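Dear colleague,

Please find below the structure that I am handing over to you. My notes on it follow directly after.

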Amino acid sequence: MPKQLPETTNFLKQAERNVTLEGTMPLVKLERLSEILCGNEGELFAKLHFTSDTGYLGLHGRVEASLELDCQRCMQPMEHKVSGQINFGLMTSEKYEDKLPPDVDPYLLEGDEQSLVEILEDELLLSIPIAAVHQKECSEFLLRQNEERRVEKEKSNPFAVLKDLKID
Ligand SMILES: [Zn+2]
């Protein structure tokens, strides 16, 4: 079983040691995300590489989770898999911002430890679609609604009567 990620860690030290952290984190620790989920019993999985051998201090990785969201079509809960990429250039001071490659997001190191919860939560929040809907069929409620609409349509179609006769 993958181990749990720490909530905070010293990004600078981890980068100097080229550490890879891999593990899970309960979604309940992500308060902002929890507010928009139907349920937060699940967990995220992340793999993070702290690097210093690329000419700058970097934090690169991937986070994924299966989130319980409201379907925006039928308003019933649905499981939605999301994933995001993390691509930070770590700076001990803002003056190093223009030393970073253009394809990384600048991250200013403040304090002794930095929050893994925060960066993983930010990435998951960004990965949630604006309008998440069930991929195939929605809830039974919607299926029933469609069926009723189909029946209504047939009623208003004069040829439907002929079709009934043919079946007989
Ligand atoms: Zn739905």
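What is the accessible surface of the protein, and what percentage of it belongs to carbon and sulfur atoms? The accessible surface comes to about 11,100 Å², and 50% of it belongs to carbon and sulfur atoms; such areas come from the Shrake-Rupley method with a 1.4 Å probe, and for residues only the protein chains shown count as cover.

Please note that this is a predicted model, in which local features need pLDDT of at least 70 and side-chain atom pairs count only at pLDDT 80 or more, while totals for chains, interfaces and linings use all residues. Residues are numbered from 1 along each chain as its sequence is written, and side-chain values use heavy atoms, with hydrogens and water left out.

The protein has five helices and seven strands, in the order β-α-β-α-β-β-β-β-β-α-α-α from the N terminus. These are DSSP runs numbered from the N terminus (helices: H or I, at least four residues; strands: E, at least two).

Of the 168 residues, 38% are buried. Buried means under 20% relative accessible area, exposed over 50%, and partly exposed in between (1.4 Å probe, protein chains only).

Yours sincerely
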